[in-house]
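Hi,

Here is the structure I promised to send over. My notes on it follow below.

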Amino acid sequence: QVHLVESGGGLVQAGGSLRLSCSASGSIYAMNWYRQAPGNKRELVASITTGGTTRYADFVKGRFTISRDNAKKTVYLQMNSLEPEDPTNYYCNGTGEWGVEYWGKGTPVTVYS
């Protein structure tokens, strides 16, 4: 069993920045950030492989950057130019041994104008 714990969410003014972190208690290979607004489906924001290959959803390209520190078993999401429309809850997701998928409990992000 691997636990994922997100941190770094909070309240930020539109145009501002936040850096989210997700720490894993065990080995995780591909890691992803998802987000979800109340009443909406959870959507993929960004992905990163163990080797550092990244992918982004079109709606965050140029604004968000995903990175990871394999030694610390931590993945980051640098979010710049945040908009009030950016959904409120961000979740870390990762694939561990035997292809088992894990989720964190989420961290809230609130952008005010």
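**Strands 7 and 8, and the sheet around them**

Strand 7 and strand 8 (residues 74–79) run antiparallel to each other and pair over 6 bridges. Strands here are DSSP runs of E, at least two residues, numbered from the N terminus, and two strands pair if DSSP finds at least two bridges between them. Before you read on: this is a predicted model, where local features need pLDDT of at least 70 and side-chain atom pairs pLDDT 80 or more, while totals for chains, interfaces and linings use all residues. Residues are numbered from 1 along each chain as its sequence is written, and side-chain values use heavy atoms, leaving out hydrogens and water.

The hairpin of strands 7 and 8 has 4 residues between the strands, and Lys 73 takes a positive phi near 55° there. Ile 66 has Leu 77 of strand 8 as its bridge partner. Leu 77 is also the bridge partner of Leu 20; strand 3 pairs with strand 8 over 6 bridges, again antiparallel.

Buried means under 20% relative accessible area with a 1.4 Å probe, protein chains only.

Zooming out, 4 strands make an open antiparallel sheet in the order 1-3-8-7. Strand 1 (4–7) and strand 7 are the edges, each pairing on one side only.

One more residue: Ser 21, in strand 3 (residues 18–24), counts as buried because its relative accessibility is 16%.

Cheers

Definitions and conventions. Buried < 20%, exposed > 50% of the residue type's maximum accessible area, 1.4 Å probe, protein only.
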